Amino acid sequence: MFGIRKAMGASAPLAADPDQEAPSPGMHTLDVELRRGHNLAARDRGGTSDPYVKFKLSGKEVFRSKIINKNLNPVWDERTTLILDGLSEPLYIKVFDYDFGLQDDFMGSAYLPLDSLEQQRTVVVTLELKDSHYPDQDLGSLELSVTLGPKDSPVEEPKDCKQQQSMRLSEVHRKSQLWRGIVSIALIEGRDLIPMDPNGLSDPYVKFRLGSQKYRSKTISKTLSPQWREQFDLHLYEETAGVLEISVWDKDTGRRDDFIGRCQLDLSTLAPERTHRLELSLENVPGSLVLLVTLTASLHVSIAEMSVTPLDDPRERAHIAQHYGFLRSFSNMRDVGIVMIKVIRAEGLMAADVTGKSDPFCVVELNNDRLQTHTVYKNLNPEWNKVFTFNVKDIHAVLEVTVLDEDRDRSADFLGKVSIPLLYVRNGVQRGYVLKNKHLTGPKKGVVYLEIDVIFNTVKAALKTIVPAENKYIEEDPKVSKYLLQQNFNRVKRCIMVLINIGSYINSCFEWESAQRSILSFLVFVLVVWNFELYMLPLSLLLLLVWNYVFCLRETTDTSMEAMFDWEEEEEEEKDCERKGFLDKLYAIQDVFLSVQTALDEVASYGERIKNTANWTVPFLSWLAVTVLCVAMVLLYFLPLRYLVLAWGVNKFTKKLRNPYLIDNNELVDFLSRVPSDVQVVQYRELKVDPGQSPNKRKRTNPG
């Protein structure tokens, strides 16, 4: 048992006097007031934490407190009443640091022995928090007020009280995840920042924090007036105070980054549903930041039971379909559609605990939107029966469903994951998805059953394709990997070999290796050159798309491509990289290595995306390309080239004049960013469910 101290003042002792009557073994009520924490452990980089508290009885969670942001001495002042079947098992109390999008950090735990409490007397206790893995570490303490009493009517009321307690916990869990609004922020530029480097310049980047949500901008090198032109969204929760914290930092390789300055923005002072241009001065230092901030109310975001499914109601479904109909194609361009996910159950999960069981829960993510189910304890075939609803801001987003095992004193264990692009969804069909590993390249034990419905506006989705895609705020940092470098090099080599083979084929026509082919090529060349018009360029690409649509529709990559992505060697290398004393001394080499590795990945990805557009890997995008090429062909056929070039030049020269804060983008690059590369095609491919085969022996299948 972890230590318990009595609080100062008129609190009663914990142990009952010998003359007093021992607690009866029947039903009891325990009134608990969670007061405050003292000197809790810092788990965030800023030297603070976002603590919340869980109470558990017999391994089941019976209470969860609210989250106190950035505080090591939080004050909760929350009350709850627990129904006790007996006093033999203690109340288990755990403290966590909330991390948006990541696993919450363990901050310590304590036990409250119930059989030592005196009945019908209020006791103020201080519980010392401990970690069994680090018993000598000081993790602070919690102050509680507890009152133990007998249960008057154990036959009639316990069920209702437990039901009410369970409903309250479910409602607190649900409300803690739902957001009431969206804060859209465009970071435009910085002005007159102070120099932090010996050359009289800085490499500035900006950190944003709203409650427990965090965002970090890109780094602009060697400037005091950086131009970021970045746009991102944060969620505004009921419990969030609505103060946006902003800090500016100077990036330094190999040592701690330098702090430049900070400022705050009270979002409650801004009018909703309009864009505010703000220039915020840094506190106590020269310099300022220019932002565009827009507050909008959240629309379709909810967690519900299976009995409350709006898309199952024909009238509600018709109303939603009308809302995203063609006639509303140009209203609220950010609201592209709605997706409803029914997380039904999982079967055959991996046993993560020593008891041969798991405590699974499910996390559903769509870009930066994240909701999760409750935990089903000691079960390898859990049933959640939850319905999640998200707004769709980009139809090319990927829905990620991760199954995790809740652990008592550490981060949750990974059980499996599936990624489902929204354009791959078959509406209203309940399907079993074989869980994959973290890299989405191989199977894990277990199947999760989902039913997904997507309703979206096609025009909005098409227009959204040519604007910058939303970045995930929280992603795993890239690691140096010799294997990844070799793999990316091979991918680039394959793309280059395609161009070399095309050049060799053309050269073979010049060399008359085949007389028939050379004569035909010569005639085509003469006819095309003699009658060439610019509309023939999109026409040739259009013919290529039509050819692949007719003869190569949904052609998938062969098994040799899957064989390339063998991650076992990389996982072994990652374990070696965790050993101390190697990469710590080689920061410069690491940066170069990562740059080369990332560049090769980018080149290979764009080559594969161009190929996959022509191969109809994503029919929606290929149809969009067909539409654009048809429009381009008609324009080039009916309009002289000089008019089109003039219009393009006028648009380019006047773009900044018309909108000084426009975020630069390349429509073609944004379009290609929505097309999956060969790596993503392998990751998104479903694994077939074989009912007669053991889940841990399932192999990858090659549909088509």
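Begin by selecting arginine 209, whose bridge partner in β14 is glutamate 245. This is a predicted model in which local features need pLDDT of at least 70 and side-chain atom pairs count only at pLDDT 80 or more, while totals for chains, interfaces and linings use all residues. Residues are numbered from 1 along each chain as its sequence is written, and side-chain values use heavy atoms, with hydrogens and water left out.

Now show the whole open sheet, whose 4 strands follow the order β12-β11-β14-β15 with antiparallel pairing. At the edges stand β12 (213–216) and β15 (258–266), each with a single partner strand, so one side of each has no neighbour in the sheet. From one strand to the next the twist averages 15 degrees, an angle between lines fitted to C-alpha atoms, on a scale from 0 to 180 degrees between N-to-C directions.

Then turn to the backbone. Most residues other than glycine have a negative phi. Select aspartate 77 in strand β5 (residues 75–84), where phi is positive, at about 50 degrees. Aspartate 77 is partly exposed at 48% relative accessibility (buried is under 20% relative accessible area, exposed over 50%, partly exposed in between, with a 1.4 Å probe and protein chains only).

Finally, go to aspartate 192 in the loop between β10 (179–191) and β11, where phi is also positive, near 55 degrees; aspartate 192 is exposed, with a relative accessible area of 59%.

Terms used:
Pairing = 2+ DSSP bridges. Helix = DSSP H or I, 4+ residues; strand = E, 2+ residues; numbered from the N terminus.
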